[in-house]
Amino acid sequence: MFIEKIIGDIGDKRRWRAYKARRQRLPEDYRTAVEAIERYLTYFGGITKGDTLMSMLEDLADLFEQSAAGGTSIRAIVGHDPVEFAETFLANYSEGRWINKERKRLTDTIDRVAGDDFAQEEGIV
């Protein structure tokens with residue numbers, strides 16, 4: 001486990017290389033679409049858990065591999081709004097996003113310092 005602290009999780013690196021190989025085997029237009037979606041997801045998504053990120057990318061590769069094999073058009077996959085598609089796709093992987101950790105931290109802090117003030121003011125308690 002010491003070595004993983006220095007160089008990172010070996011399993012995630014293997015998964016990353018396998019994903020890149022799968023992406024590379026896609027037909028050019030599908031590959032370009034996957035690369036664009038991947039770029040958006042990695043910049044916008046804020047996923048900090050390697051396992052969650054790899055699951056998301058592997059699922060993206062599955063979707064585009066199956067679509068390419070079945071002759072489904074890229075537009076039929078992503079619809080008219082690629083950003084909406086990417087954000088909807090990303091929503092399935094929310095447990096790995098840094099923002100969720102920060103939301104929980106904020107809520108926990110306010111709950112701790114405010115106590116039941118709000119509940120009493122609103123007549124809930």
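Visitor: Is Phe44 buried or exposed, or in between?

Guide: Phe44 is partly exposed, because its relative accessible area is 39%. Buried means under 20% relative accessible area, exposed over 50%, and partly exposed in between (1.4 Å probe, protein chains only). This is a predicted model: local features need pLDDT of at least 70, side-chain atom pairs count only at pLDDT 80 or more, and totals for chains, interfaces and linings use all residues. Residues are numbered from 1 along each chain as its sequence is written, and side-chain values use heavy atoms, with hydrogens and water left out.

Visitor: How many aromatic pairs does the whole structure hold?

Guide: A pair of aromatic rings is described by the distance of the centres and the angle of the planes. Rings of Phe, Tyr and Trp (its six-membered ring) pair if their centres lie within 6.5 Å; planes under 30 degrees apart count as stacked, over 60 as edge-to-face, the rest as tilted. The search finds 5 pairs. Tyr40 and Phe44 are stacked, at 5.2 Å centre to centre and 20 degrees between the planes.

Visitor: Where do Tyr40 and Phe44 lie?

Guide: Residues three or four places apart in an α-helix point the same way, because a turn takes 3.6 residues. Tyr40 and Phe44 both sit in helix 3, 4 residues apart, about one turn. Helices are DSSP runs (H or I, at least four residues), numbered from the N terminus. Tyr40 is partly exposed, at 26% relative accessibility.

Visitor: What are the values for Phe89 and Tyr93?

Guide: Their ring centres are 5.5 Å apart and the planes meet at 45 degrees, so the pair is tilted. Both Phe89 and Tyr93 are buried. Ring pairs link Phe85, Phe89 and Tyr93 into a cluster.

Note on methods
Helix = DSSP H or I, 4+ residues; strand = E, 2+ residues; numbered from the N terminus.
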